[in-house]
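Trainee: I've got a structure open and I'd like to learn how to read it. Can you walk me through it?

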Amino acid sequence: MTRRSVVITGIGVVAPNGVGCAAFLTALQAGTSGIDEIRSFDTSDYPVHRGGEVRLVEPAERVEGSQAGWTTTLSTIGVREALKDAGLTPGSVDPARIGVLLGTTSGEVQDEEELDGSWARGRSDVFSDAAYAGFCSNSIPARLAQAFDFGGPALVLATACASGNFAVAFGCDLIQHGQADIIVAGGADGFSKVALAGFSRMHAVAPEKCQPFDRNRKGMMVAEGAGFVILELEERARSRGANAYARVLGTGLGCDAFHLTAPNPDGMAHVMRLALADAGLAPEDVDYISAHGTGTPVNDAAETAAVKTAFGAAAYRTPVSSIKSMIGHTMGAASAIETVACCLALRHGFLPPTINYSEPDPLCDLDCVPNTARFQRIEIAMNNSFAFGGNNASLVLGRA
Amino acid sequence: MRTCISGIGVVSPVGIGREAFWTAIAEGRSGITEVDLFDRSGVSCRAGGQVRGFDAAALIGPKGLRYVDRPSQFALAAAQLAMTDAGVDRDRTPPERVGVVLGTAFGGQSSLADCNRERLVEGPQYLSPAKFPNTPINALSYQIPIRHQMRLVNTTVSSGMNSGLDALFYATFILRRCPEAVLACGGVDELSRNAYYSCYFRRELAGTSGPELSCPFDRRRNGYVLGEGAAIVVVETRDALDRRGGTPLAELLGFGSATGMGPAGFEGRVEAATAAVRGALRDAGLEPADVDYIAAGANGDLELDLIEAQAIVQVFGDRRACVPVGAVKSMTGEAYAASGGYQMASAVLALQRGVLTRTINLDEPDLACSVTHAGPATSSREVRHVLVSSVDRFGRSVAVVVGRPR
């Protein structure tokens, strides 16, 4: 049975280095960092003070008239842009045939922080809808469904930092099996104070900047954001005259059942191979790998080893860059934003750089597109994501 | 592709293990007690479907449990019970073919609350690095594949009260990707202080405007009693199950879901619940007349129970007199993601033994919920197909049709 081709016809992004695809594209091509001093709260008690915050130009971009939390707000901005980009105006799709899959690590984490803050201050009478939304994360897809009239599946897919890729993979499944015509798939997470404190305590956060693959890399930068793509059948996209960015050629999902937090090169290589096999492609066919590339000493070395295992000799001929060097680790949004970056790279013919790169590491000796974007036409991109709990997922995207 | 359930593992307020659970719900035994998991000062409610007598070490071994939080222990134990119940021979089942799909509404919320407390009271520099990895939504699933060497997939699905059934839906797509797979699939949620207080102050709990009673479909209902636990089933394709010589408990025949929010309000939500049930029947290739029992999601919420009842009336019409309805949440409380698993376990009990779970505390049936309630008169009969339905707070409904193994 031949599988019907699914394409990405719209993208939306809210990233620390650019809100909206136009700004994000400019930033990726220029190698602009979105890492800065954290301003949304006082970090003096924290061991680190920098991160990747989204700064909205107009506060009015907060979701109109609702008490929606920050993660919902980021999601709403991203979904609205993706729908518009795909040319899907209200009423153009049967609501029953459009659904949303949201990847997220912690949902409405800031509402939960506020709630727990009130406990810590000895108050227990501040419970509200926001508090409920704070730990019942399907409030986010529910609000998106309400705002945009999605009557189809509205679910959270939670595989921590690989959530966005899992959402895209399941979205393709739903479309290919006729469960929906359009799936809005992506990821979002608001800035988490617990993540900043927790990753710092795990010695996984860099004090100043994220330097993936560099010998002196010191860790990740905690960040926030949202990324969404519009998935539909290629034949449907063509018949409505939509201009697709990419075909989703292959998906590879796995769980390495190795360790809660330690990366495992075998598990990483496994999903890359699965995704290539699913796409019917060889390693030589891949022009670009968007790395998980968190910038922690262990992740980047493990990922480099994994690419070598999966790609063999082709590893050294395949550029592998990490946009986390520019935006930090946006948690559940990360792989979704990276999928958006791959779509832009495929359409506009460039490789996003790994910025902050100065000293080669023998353990990370692949071409990481150091510091400046490379302008070249690419046909096939792979997007890697590896998460807590050994959840790994790779996507293979082809230029449409 | 034929898909079946081959094992059931339950950690619930009414019993631990499939047989204990089945015995309790067949007898109509309530698991609602006075909650003693946390300080309840400031709230007037006391009741909860709290899991009691849970000895994690006895079920899953004493090692390495120190940093595994309580709901993760529920999930681990339920997965272990389900895999044992299914008779999966792990010596002959490679890790690459075994996976987990877990539903949860609240996820690692109580560990997140712990970490927030540490961060705020002791300071960010003292937050426990061992506890922190338990904070993501999917953290409750982490230990299962590590302990049981499952490498296929470990996905968490979160959709409130529908999470457990949506996890099953997701699992069927993993089986399409890998028809040889053995999947531990279900739901887990914990009765946490934040959930209890939040639902209380939203006036969703029974006792905030009437008697504190878990009484779905009853005239006196005024909210749900919050429950907890884990319910996991083993899901495989029929071909794979036959090949390994396993015994099916039930077949998963159809899924349906729909979202109704927006301006249509209550009517829109009834429409969505109706569409979900119709969709599940259509997907199963069945007519309403083929259904012999409905394992309802009703929990005592004034509105949700009515929405579900009206959807049943819409779909079954006059035939509803022949289709008894039972709500297991009358005994377990609203356990969010675990609820879907409890409902599924009650559906399999009906298919396997002809025992129809009754709604307890139904002394004064609400005539507006004009369904036929399972009772002494409808017990012990041959059941061909069961409809499992669920309506979430946020307007989305899910329905699943299961049948006797053919």
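Trainee: Where is A:F386 found?

Mentor: A:F386 is found in strand β12 (residues 380–387) of chain A. Helices (H or I, at least four residues) and strands (E, at least two) are DSSP runs, numbered from the N terminus. Before going on, keep in mind that this is a predicted model, where local features need pLDDT of at least 70, side-chain atom pairs count only at pLDDT 80 or more, and totals for chains, interfaces and linings use all residues. Residues are numbered from 1 along each chain as its sequence is written, while chains are lettered from A and ligands numbered from 1 in the order in which they are written.

Trainee: Is A:F386 buried or exposed?

Mentor: Count C-beta atoms, placed from the backbone: with 20 or more others within 10 Å a residue is buried, with 12 or fewer it is exposed, and in between it is partly exposed. A:F386 has 30 other C-beta atoms within 10 Å, so it is buried.

Trainee: Which residues is A:F386 in contact with, leaving aside its neighbours within four places in sequence?

Mentor: A contact means that the C-beta atoms of two residues, placed from the backbone, lie within 7 Å. For A:F386, the list is A:A162, A:P263, A:M268, A:H292 and A:N392. As for A:A185, 201 residues away along the chain, its C-alpha atom is separated from that of A:F386 by 18 Å.

Trainee: Let's zoom out. How many helices and strands does chain A have?

Mentor: Chain A has 12 helices and 13 strands, and 66% of its 400 residues count as buried. Its C-alpha atoms fill a box of roughly 60 × 50 × 40 Å along the principal axes. Among its contacts between residues at least 6 apart in sequence, 79% join residues at least 24 apart.

Trainee: What about the radius of gyration of chain A?

Mentor: That radius is taken over C-alpha atoms, and the globule rule is 2.2 Å times the number of residues to the power 0.38. A compact globule of 400 residues would come out near 21 Å, and the 20 Å of chain A agrees.

Trainee: And how many helices and strands are there in chain B?

Mentor: There are 12 helices and 14 strands in chain B. Its radius of gyration is 20 Å, close to the 22 Å that the globule rule gives for 406 residues, so chain B is as compact as a globular protein of that length. The C-alpha trace of chain B spans about 65 × 55 × 40 Å along its principal axes, and 66% of the 406 residues count as buried.

Trainee: How do I read a strand such as β5 of chain B?

Mentor: Start with the general idea: in a regular strand the side chains alternate between the two faces of the sheet. In β5(B) (residues 98–103), 6 of the 6 residues are buried. One side carries B:V98, B:V100 and B:L102, the other B:G99, B:V101 and B:G103, and both faces are covered.

Trainee: Which strands are joined to β5(B) by bridges?

Mentor: Two strands pair if DSSP finds at least two bridges between them. β5(B) runs parallel to β7(B) (residues 182–189), with 6 bridges, and B:V98 has B:V182 as its bridge partner there.

Trainee: What joins β6(B) to chain A?

Mentor: Strand β6 (residues 154–158) of chain A does, running antiparallel to β6(B) with 3 bridges. The bridge partner of A:L157 is B:V157.

Trainee: How many residues of each chain are in contact with the other?

Mentor: 59 residues of chain B touch 61 of chain A. On the chain B side, α4(B) gives the largest share, 9 residues. Sorting that side by class gives 30 nonpolar, 23 polar and 6 charged residues. Here Ala, Val, Leu, Ile, Met, Phe, Trp, Tyr, Cys and Pro count as nonpolar, Asp, Glu, Lys and Arg as charged, and the others, Gly among them, as polar.

Trainee: At what angle do helix α7 of chain A and helix α4 of chain B cross?

Mentor: Axes are lines fitted to C-alpha atoms, for helices over the stretch in contact, and angles run from 0 to 180 degrees between N-to-C directions. The axes of α7(A) (residues 193–201) and α4(B) (residues 109–122) come within 10 Å and cross at roughly 75°. That makes the two helices roughly perpendicular; under 35 degrees counts as roughly parallel, over 145 as roughly antiparallel, 65 to 115 as roughly perpendicular and the rest as oblique. A:K193, A:V194, A:A197 and A:G198 meet B:L112, B:C115, B:N116 and B:R119.
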